[in-house]
Amino acid sequence: MARAWDLLLRRGPDQAQFWVIALALGIVAGGAAVAFRWVVARMQAALYGTDDINTLGSFAATLDWHWIVLIPVAGGLAVGLLLHRFQMDGRVRGVPEVIEGAALYDGRVERRRGILSTLASAITLSTGGSTGREGPVVHLAAILSSWIAVRINASGMVGRDLLGCAVAAGVAASFNAPIAGAIFALEVVLRHYAIHAFAPIAIASVAGAVTSRIAFGDVREFDLPVQSALAFYVELPAFLLLGLLCGAVAVVLMRSIFFADRVGSAVQARLALPIWARPMGAGLLLGLMALAWPEIIGVGYETTNRALSGEYGFFACVTLVAVKVAAVAVTLGGRMGGGVFSPALMVGALTGLAFGSVATALVPEMSGEGALYALAGLGAVTASVLGAPVSTTLIVFELTGDWQAAVAVLAAVSTAVAVSSRAVDHSFFLTALGKRGVRLAAGPQAWLLGTLRAEEVMRGPDHPRAADAEIAERLVTEGTYLPRDATLEEAMPVFEATGAAFLPVVRFPPGDSPPEIVGAVFQTDALRALNAALVAQAREEHS
């Protein structure tokens, strides 16, 4: 029995027993997604006083102006106080941290801070924050898988596959799209399509979708056009052009968020504002914007549905795209929490409809429905922001069942991703990590060194081929050494600059005592460790 359990922990995805764990995790993660959605819906209904949160944007237009302003301000204050009390860096966790956990921390994410971030995102969405609920759901699912991974002391590969199972279930439950949920976990979070991971992740994704259907029925968030009239060969070039436009719009959306975050940090530092004031200020700006454009309140599914139905004209689409981009930038730049999935859907649908209104007007005899352009725009902007061209296309196909619509979306997605990936690090998530110094977009050769600690590869004083003590002392005197907790990512530039064969590793005794040598890292050992890590990474990705 002990040997079987050990096999399960070390080679989990290859064992049939692991599929049972994947099934259970899929049900739990799907249930968490359902619960998060229910909590946000009930809080929105209570705060805004509406019985139908699916029409929150249009309902908000009927409220007195002070409620439209005060509810986001109160939400921002609540989020700010929560971060000020429990999360001193003032940053809400999300999908970037899930991807980072998969790559660097054996599939684990911060659980305590993650729970606080989930709560902050729920408050933001409930009080009109212009972000999405799918990002918090993904992070909540990752917290659940991390708890299991820690409890069973799972290996890195098993921990990552548990993470993939939970994420797949959360996404599948959010969109009632099990195929896309599974591919999203592989494409965006694990960032590989290893065969060993596919079966458990697919099982978990189906379980998440079924859990959602039990709770809400076999319903979908969007009323998408089906069996669209597409002048197939003639009209496809228009969708390629739409992709170019959507790629540019996606870049503007992403860069606006990063710009707003920089401006918010600069203002906060210059005015010495406390952590709680920043989200509250963002809530005020958001409420003032919503006075003129109540469509920006919340996840925006009502506006997305109306765009997919072709209910907006060209100028209304362009205006709402600009306002929504600004609102998302204010919300996330103000550290209020939430995700970018839903905003990308709304911006993409509006962009596509605006393009379609022009295209169908120019050549009406050769054009299909304008709503089909909205659908393609939705997929193109979303794929560019998430860095998920395959899973985004599959979501559209699952929601429509129309293969011609899926081909049109795929055409737009291909050119959109080609444009956006040259302006950012493949996606919003990887770019956000890159700005914090976590360079996952460059590939494992760029970030694996940061996972290897100098202490793990150093030769101690009693090693048969230990470093020369006299040379080590001289290097320490010159200031050429590594702290005990340093990584090989810090060591390699020092090797390059000094040409030294080894670097002493030191610890710092209490008081003013000089550093004490505890060993040395040899450049050959560091390169050997990197090579072993690259081999292990390749083995996992191709198994």
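This is a predicted model: local features need pLDDT of at least 70, side-chain atom pairs count only at pLDDT 80 or more; totals for chains, interfaces and linings use all residues.

Entry 1: I began at Glu 110, which is partly exposed with a relative accessible area of 37%. For burial I use these cut-offs: buried is under 20% relative accessible area, exposed is over 50%, and partly exposed is in between, with a 1.4 Å probe and protein chains only. Residues are numbered from 1 along each chain as its sequence is written, and side-chain values use heavy atoms, with hydrogens and water left out.

The partner of Glu 110 is Arg 93, and the closest N and O atoms of this salt bridge are 3.1 Å apart. My rule for a salt bridge is a side-chain nitrogen of Lys or Arg within 4 Å of a carboxyl oxygen of Asp or Glu. Arg 93 sits in the loop between helix H4 (65-86) and helix H5 (95-104), while Glu 110 sits in the loop between H5 and helix H6 (111-126), 17 residues apart. The helices here are DSSP runs (H or I, at least four residues), numbered from the N terminus. Arg 93 is buried, at a relative accessible area of 6%.

**Entry 2: other salt bridges.** How many salt bridges are there by this rule? I count 16. One of them joins Arg 436 to Glu 97, at 3.1 Å from N to O. Arg 436 is in the loop between helix H19 (428-435) and helix H20 (444-447) and Glu 97 is in helix H5, so this pair ties together parts 339 residues apart in sequence. Is Glu 97 buried or exposed? Glu 97 is buried, with 9% relative accessible area, whereas Arg 436 is partly exposed at 35%.

I also looked up Glu 489 and Arg 439, whose side chains meet at 3.0 Å, N to O. Glu 489 belongs to helix H23 (residues 488-498) and Arg 439 to the loop between H19 and H20, so parts 50 residues apart in sequence are tied together. Both count as partly exposed, Glu 489 at 32% relative accessibility and Arg 439 at 42%. Shared partners join Arg 91, Glu 97, Glu 100 and Arg 436 into one salt-bridge network.

**Entry 3: the nonpolar core.** Which members of the largest core touch the most others? Of its 135 residues, they are Val 167, Phe 184, Ile 201, Val 385, Leu 488 and Val 521. A core here is a set of buried Ala, Val, Leu, Ile, Met, Phe, Trp, Tyr and Cys residues joined through side-chain atoms within 4.5 Å. Another core, of 16 residues, lies apart from it and includes Leu 56, Leu 63, Ile 68 and Ile 296.

**Entry 4: aromatic rings.** I found nine aromatic pairs (ring centres of Phe, Tyr or the six-membered ring of Trp within 6.5 Å; planes under 30 degrees apart are stacked, over 60 edge-to-face, the rest tilted). Phe 355 and Tyr 373 make a tilted pair, 5.9 Å centre to centre with 45 degrees between the planes. Phe 355 is in helix H15 and Tyr 373 in helix H16 (residues 370-386), 18 residues apart. Both Phe 355 and Tyr 373 are buried. Phe 175, Phe 184 and Phe 341 form one aromatic cluster.

Methods
Helices (H or I, at least four residues) and strands (E, at least two) are DSSP runs, numbered from the N terminus.
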